[in-house]
Amino acid sequence: MADVLENKRAATRFRILAEIAERQPAVSQGEIAEAVGVTSQAVSEYIRALVEEELVEKEGRSRYTVTKEGVDWLLQEATDVRRYADHVTDDVLGSVQEEAAIATDDVSEGEAVTLSLRDGLLHATPGEEGPATGVATTDAEADGDVGVTGFEGIIDFEPGTVTVYQVPPVRSGGASATDARTLAGACESADLVAATGVEAVVALRRADCDPATTFAAGEVAAEAAGRGLDAVVVATADIVGRVTDALRDGNIAYEVSELSS
């Protein structure tokens with residue numbers, strides 16, 4: 001475990017050094033004391049020790065900067081804290097957290113279930129026949145919602161695909177300059193369709209397709225693909241970058257295609 005989680009003095013030292021890094025070079029010991037919850041005298045003593053250990057450099061009255069060694073120490077301690085937090089989240093709480101699933105058949109509390117993704121939603125089937133299992137925490141009838149905990153294994157599914165279709169901006173022809181037949185075919189084969197931009201929405205209407213959302217299209221498509229759904233995003237060319245940024249942030253593979261008629 002990180003020193004800052006085991007030792008109160010180390011924790012205070014960590015917080016004071018972080019406050020100096022955030023406020024440098026003009027550092028108010030009173031403000032740091034208030035933020036950390038110690039006296040100004042205590043802050044002064046900690047800073048004096050940090051200077052002696054060459055983690056902080058004093059440049060004048062109330063002027064301090066964190067040295068390279070100080071930055072390295074902060075990064076190491078922060079990394080150790082993050083690892084411990086990940087351990088608590090994934091290993092400790094992961095075994096006791098409860099999720100909701102759709103029961104594929106009648107399920108009784110305490111019964112073992114097999115977990116799967118269908119239409120992007122978690123499903124629970126009585127029995128332990130699949131690669132991912134859990135334990136029901138509630139009774140449920142078929143097609144009802146059931147609580148599940150004690151997760152083990154990995155749900156077997158293929159990530160979905162995302163295709164981004166660009167619609168020209170209105171000054172370049174807009175929706176009228178798009179191939180409605182191609183767009184209609186793409187939407188018909190997709191599990192989810194999202195749009196962003198007025199021209200994109202109009203193009204979808206001309207293709208007789210209703211998007212699931214016209215807001216946060218990239219984020220929605222990334223979430224859908226991460227749950228095994230194939231998504232189509234129709235975006236006005238001027239803002240297609242927002243969509244692809246969201247897909248990259250979600251580590252989702254995508255393809256961008258033109259929709260010019």
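Q: Why is R83 called exposed?
A: Exposed means over 50% relative accessible area, buried under 20%, and partly exposed in between (1.4 Å probe, protein chains only). R83 has 55% relative accessibility, so R83 counts as exposed. The model is predicted: local features need pLDDT of at least 70, side-chain atom pairs count only at pLDDT 80 or more, and totals for chains, interfaces and linings use all residues. Residues are numbered from 1 along each chain as its sequence is written, and side-chain values use heavy atoms, with hydrogens and water left out.

Q: What makes D80 and R83 a salt bridge?
A: The term needs a side-chain nitrogen of Lys or Arg within 4 Å of a carboxyl oxygen of Asp or Glu. In D80 and R83, the closest N and O atoms are 3.6 Å apart, and the pair forms a salt bridge. Both residues lie in helix α5 (residues 68-92), three residues apart, about one turn of the helix. A helix here is a DSSP run (H or I, at least four residues), a strand likewise (E, at least two), numbered from the N terminus.

Q: How do you know that R171 and D238 meet in a salt bridge?
A: Their N to O distance is 3.1 Å. This pair links distant parts of the chain, 67 residues apart. R171 sits in the loop between β8 (162-167) and α6 (180-189), D238 in the loop between β10 (231-236) and α9 (240-249).

Q: Why is D238 called partly exposed?
A: D238 has a relative accessible area of 49%, so D238 is partly exposed. R171, at 65%, is exposed.
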